[in-house]
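Please consult both while reading.

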Amino acid sequence: MLYLNADNIKAAGLDWDQLIDVIRDAVTVLGTNDYSQPIKPYLRYGDPKNRIIAMPAYIGGAASLAGIKWIASFPDNIHHNKLRAHSVTILNEHDTGIPLCVINTASISAIRTAAVSGLLIQEYLKNRKGSTPLKVGINGFGPIGKTHLSMVTSVLGDRLERVSLFDLKPIDAAAAAAEYGDKIQVADSWESAYTAADIFITCTVSAAPYINIAPVKGSLQLNVSLRDYKTAMQEHMNAIIVDDWEEVCRQNTDIENMHRENGLQEEQTLSIADIVCKDALQQYGESDTIMFNPMGMAVFDIAIGGYYYRKAQRDNIGFVLPD
């Protein structure tokens with residue numbers, strides 16, 4: 001069995017084109033129903049905002065794998081110089097169940113999350129004719145925000161005009177600019193990052209919604225952290241996309257709140273499979289505002305884990321553990 005840690009995943013690198021293709025292929029498999037993904041249970045104890053989540057899944061297709069991700073999310077860790085999230089992913093051979101690989105790092109979650117966002121950006125750009133430069137806002141600059149910055153600069157390339165970053169903690173603007181260039185700026189509030197953004201990404205640990213300003217018309221709202229938008233913001237969204245309705249309409253997410261308070265129903269939303277497999281965004285114009293709410297699908301974690309497992313085998317990365 002192969003063991004991979006955070007340093008091994010870092011050595012394997014971030015090829016965003018390949019990673020997004022992995023997610024696209026996985027969504028295509030969802031479209032053929034060649035997968036299994038039970039609703040993930042939440043283990044809670046002590047402080048109710050803390051949770052440890054079990055995420056089992058099987059993903060079929062050309063690179064079939066089964067597995068599980070066990071991820072702990074303790075938001076207050078960030079106030080004690082500790083990572084908010086810690087996770088272990090186990091990959092099993094699909095036809096024997098034999099454990100193939102253990103990946104001990106939460107970076108798989110961050111990479112999966114950003115790759116899914118990258119896929120939505122690619123689909124969104126299909127509706128944006130021409131080559132007008134785009135402004136991006138990222139609210140929250142922890143591991144998820146930093147991974148999204150890496151992805152956005154790669155996916156948008158020359159179309160990126162500016163990325164405005166905001167976090168409640170000070171951001172090292174010089175370090176960000178040294179890595180990504182002079183297109184990076186640090187905003188003085190989430191509002192200033194949000195009100196000019198063609199693509200706005202929430203990467204916070206917010207426990208309660210706070211966004212109460214109409215978004216830029218025609219923008220893409222990537223509600224990655226899921227608990228940031230007031231329910232009244234629903235009226236500004238021409239299309240609401242979810243990865244999986246049953247997963248995302250619970251645990252006090254913005255989608256659950258819109259369902260409970262505004263009557264939002266599953267049939268009023270689009271799934272990520274609708275977007276990729278049915279080109280569902282083609283019915284919307286450039287002035288329509290798109291909102292994506294991803295709870296995080298275990299099949300995507302297993303697909304990304306499989307990508308790094310195969311890459312580690314090819315490149316002789318990681319540690320072989322005895323049975």
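The model is predicted, so local features need pLDDT of at least 70 and side-chain atom pairs count only at pLDDT 80 or more, while totals for chains, interfaces and linings use all residues. Residues are numbered from 1 along each chain as its sequence is written, and side-chain values use heavy atoms, with hydrogens and water left out.

**Sheet and helix**

Helices (H or I, at least four residues) and strands (E, at least two) are DSSP runs, numbered from the N terminus. Two strands pair if DSSP finds at least two bridges between them. An open sheet of eight strands shows parallel pairing in the order β10-β9-β8-β11-β12-β15-β13-β14. Its edge strands, each pairing on one side only, are β10 (184-186) and β14 (270-271). Within the sheet, β8 (residues 134-139) and β9 (residues 160-166) pair in the parallel sense over six bridges, and Gly137 stands opposite Ser164 in β9.

Helix α3 (residues 107-125) lies across β8, β11 (199-202), β12 (220-222), β13 (239-242) and β15 (290-293). The helix runs at about 170° to β12; axes are lines fitted to C-alpha atoms, for helices over the stretch in contact (heavy atoms within 4.5 Å), and angles run from 0 to 180 degrees between N-to-C directions.

**Salt bridges**

Side chains of opposite charge can pair when their charged atoms come close. A salt bridge is a side-chain nitrogen of Lys or Arg within 4 Å of a carboxyl oxygen of Asp or Glu. The whole structure holds 13 salt bridges, including those tabulated here.

| Salt bridge | N to O distance |
|---|---|
| Lys49 and Asp76 | 3.0 Å |
| Asp279 and Lys126 | 3.9 Å |
| Lys311 and Asp315 | 3.3 Å |

Lys49, in the loop between β3 (42-43) and β4 (51-59), and Asp76, in the loop between β5 (65-73) and β6 (85-92), are 27 residues apart and link distant parts of the chain. For accessibility, buried means under 20% relative accessible area, exposed over 50%, and partly exposed in between (1.4 Å probe, protein chains only). Lys49 is partly exposed at 31%, and Asp76 is partly exposed at 30%.

Lys311 and Asp315 both lie in helix α10, four residues apart, about one turn of the helix. Lys311 counts as buried because its relative accessibility is 17%, whereas Asp315, at 40%, is partly exposed.

**Positive phi angles**

Asn252, a residue other than glycine, has a positive phi near 60°. Asn252 sits in the loop between α7 (245-248) and α8 (254-262) and is partly exposed at 38% relative accessibility. Asn316 is not a glycine either, yet its phi is positive, at about 55°. Asn316 lies in the loop between α10 (298-315) and β16 (319-320), and its relative accessibility of 73% makes it exposed.
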